[in-house]
Every structure is written in structure tokens, then in C-alpha cells.
Amino acid sequence: MSGRRSRISEEEINELISKLQILLPDNYHHRHRGSSRASAATLLKETCNYIKSLHKEVSELSGQLSELMAATDFNGAQAEVLQSIFRS
Amino acid sequence: MNLTVCDEEMDGFVSRLLIRWRVGMADGKPAEMESGGERKRKRGVEASSSSSSCSSSSAVAKWRTEGEQRNYSSKLIAALRRVRSATPSPAGSRAVREAADRALAVAARGRTRWSRAILLSSKIPSLKRSRVLLRRRATFRPKPVAAGRSSRPPALEKKTRVLGRLVPGCRKLPLPSLLEEVSDYIAALQMQVRAMSAIAQILSATSDTGGAPPPPPM
């Protein structure tokens, strides 16, 4: 037996995965709030879910933007926007 | 119809847009993301000292800077105007999505796999594409498909595969590289959402003030 371990050990994998926890917003950790450790499998799953929800949000925003673009004239809108920004 | 807007105006517009968003929006979500972003940036700095991938957390922090978001917003708005002038019929949400993703990939400056994958999948030929391809070929060495397969628990295997499918261009990536791509991709997506929300808010506020022609009755 060459005794060859996987090049990256299990713990290193778990450590890398735990770093993902930093990126997930707090509302993703209902159960683990406050505890610094969630299992690797949970983190992976929540990461997948989070990415999916981000994708969905981008799609919705794209829909909104395409509607808004049709409704407003970009050029006229820009002048209005500058005015409203200077005012507020 | 005169569509020309000079770049400084656009830049000013976008930067004002960001300031307004940061300062005032009472919406829970943007505020939460801003404070969450700051907190996460601190934790990211702590984490970086303990690992060799400190470059990845600084890259992640880059997506949270205002300058980056401003840069992205202006590129996105320019792209949207191009889309709009190119198609006389109203732009579909898909066109907007693709423009947004492309702009995001460009903002990544080709340093990550997912951004290169997005750029490659768009059909616009560009010098950047061929340069990127050449560079990847030069540095790519065939991964030794280890006979002693790295033992990942099967539960992780499956989720890893799902994750790899979600991030563009990362299907076959081994886990450590995949995680690095994932963290950059998530930070980029968060910025994309922030920027697009801000633009949508501004545009909808504009169309409400009646300066623009009223939207057609539904």
C-alpha cells in the first residue's frame, strides 16, 4: 500500500467549506445562528440554495429593468434623475 | 432622438446613485447587505491570515467596494442602452440578464474561471477571448486523475457536483478550486443584485415623477 492520502485532507476540505459560511447572509442560518460551526454538508447545501436565490433575484431584476426600460426614455430619464439626486 | 450622454455625466449619475442608496434607503435589504458586507469583510480579513488563499478574500472584498459597484453600474447602463437602441421592440428580460452577466464577467477582469466561461459563451468575438484562451492553454497541465481517488464522503460529492453546475464553467473542478470560484462568484452576484436594484429603484422613481412619458396602461 503506497499509503497515498488524498492530496487535500478531509480537515482542510472542511476548513475551506467553513469559510463559505462567511459569505452567506445571516438569514440563511436559522438554526446555527450564533454557533460558529455548521456541518460541511449543510454549508454546501445552503451555498447552493443561496446561489440559486441570487440567480432568481437577478432574473427578477432583469424583468423589472426591461419593463422600466420600455416605459422610460433613458435620455429624458437621466435628466430627471440628476435633478432628483441633486434635490435629495 | 439624441442618445448621447457624455461619460462624465454618466459617472456622476452613477456615483450619486450609489451615495443615495447607501445613505438613505430605508429598505431593510440594502442596509442589511451593507452592514453585513462590512462585517463580513472584517471576518474575511481574519480568515485570510490562516490560509494560503488570502488572495481570494481580498478579491471578494473587492466586489464590495463602492468603486467596483459604480464601475459595474455604469457599464451595465451603457450595455442596456445599447441593447435598447439595437432592438426597436422592447428588450426582453433575457437580454437584460445576459447583458448584466456579461458586464459582471468583464468586471472580473478574466481572473476567475466563471467569468471567463461567461465571456466565452457570449458570441461576440473579442481579443480578450483569444488572449484568455491562450493563457489558459499555456498554464494548463492535465490533472493527474488519481488512481487512489480522493475520498470524499458521498454526501459531499453530490452537493459538490450541484454546486459545480451552478457556477459557470466549474463543472469538473476539484473542490478547493471550486470553493474559491464559488466565493468570488457569490460576492460578484451580490454586487450585481445591489447594482441592479439601485438602478431599478432610480428608474422607477424617475418614471413616477412624471418627467418621462407615462407607462402605457396595462
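In this predicted model, Asp101(B), Arg102(B), Leu104(B), Ala105(B) and Val106(B) of helix 5 of chain B meet Trp114(B), Ser115(B), Ile118(B) and Leu119(B) of helix 6 of chain B. By class, the residues of this contact are six nonpolar, one polar and two charged. The axes of helix 5 of chain B and helix 6 (residues 113-121) of chain B come within 8 Å and cross at roughly 130°.

The loop between helix 5 and helix 6 of chain B contains Arg109(B). Arg109(B) is not a glycine, yet its phi is positive, near 60°. With a relative accessible area of 42%, Arg109(B) is partly exposed.

Helix 5 of chain B also packs on helix 4 of chain B. The axes of helix 4 of chain B and helix 5 (residues 93-107) of chain B come within 9 Å, at a crossing angle of roughly 140°. That angle makes helix 4 of chain B oblique to helix 5 of chain B. The crossing of these two helices is right-handed. On the side of helix 4 of chain B, the contact is made by Glu68(B), Tyr72(B), Lys75(B), Leu76(B), Ala79(B), Leu80(B) and Val83(B). On the side of helix 5 of chain B, the contact is made by Ala95(B), Val96(B), Ala99(B), Ala100(B), Ala103(B), Leu104(B), Val106(B) and Ala107(B). The residues of the contact of helix 4 with helix 5 of chain B divide into 13 nonpolar, no polar and two charged. Leu104(B) and Val106(B) of helix 5 of chain B take part in the contact with helix 4 of chain B and in the contact with helix 6 of chain B.

| Helix pair | Axes come within | Crossing angle |
|---|---|---|
| Helix 4 and helix 5 of chain B | 9 Å | roughly 140° |
| Helix 5 and helix 6 of chain B | 8 Å | roughly 130° |

Helix 4 of chain B comprises residues 66-86. At 1.5 Å a residue, its 21 residues should span 30 Å, and the end C-alpha atoms are 30 Å apart, which agrees. The buried residues of this helix are Glu68(B), Gln69(B), Tyr72(B), Ser73(B), Ser74(B), Leu76(B), Ile77(B), Ala79(B), Leu80(B) and Val83(B). Among them, Glu68(B), Tyr72(B), Leu76(B), Ala79(B), Leu80(B) and Val83(B) are buried and also belong to the contact with helix 5 of chain B.

Chain B as a whole has nine helices and zero strands. Of its 218 residues, 41% are buried. Among contacts in chain B between residues at least 6 apart in sequence, 65% join residues at least 24 apart.

Chain A has three helices and zero strands. Its elements, from the N terminus on, run α-α-α. Buried residues make up 47% of the 88 residues of chain A. Of the contacts in chain A with a separation of 6 or more, 32% are between residues 24 or more positions apart.

One residue of chain A that touches chain B is Val58(A). Val58(A) is found in helix 2 (residues 40-71) of chain A. Not counting residues up to four places away in sequence, Val58(A) touches Arg97(B), Gln192(B), Val193(B) and Met196(B). Val58(A) has a relative accessible area of 0% and is buried.

Key:
Residues are numbered from 1 along each chain as its sequence is written. Chains are lettered from A and ligands numbered from 1 in the order in which they are written. This is a predicted model: local features need pLDDT of at least 70, side-chain atom pairs count only at pLDDT 80 or more; totals for chains, interfaces and linings use all residues. Side-chain values use heavy atoms; hydrogens and water are left out. Helices (H or I, at least four residues) and strands (E, at least two) are DSSP runs, numbered from the N terminus. The expected span of a helix is 1.5 Å times one less than its number of residues. Buried means under 20% relative accessible area, exposed over 50%, partly exposed in between (1.4 Å probe, protein chains only). Axes are lines fitted to C-alpha atoms, for helices over the stretch in contact, and angles run from 0 to 180 degrees between N-to-C directions. Angles under 35 degrees count as roughly parallel, over 145 as roughly antiparallel, 65 to 115 as roughly perpendicular and the rest as oblique. A crossing is left-handed if the near helix is turned anticlockwise from the far one by less than a right angle, and right-handed if clockwise. Contact means heavy atoms within 4.5 Å. Ala, Val, Leu, Ile, Met, Phe, Trp, Tyr, Cys and Pro count as nonpolar, Asp, Glu, Lys and Arg as charged, and the others, Gly among them, as polar.
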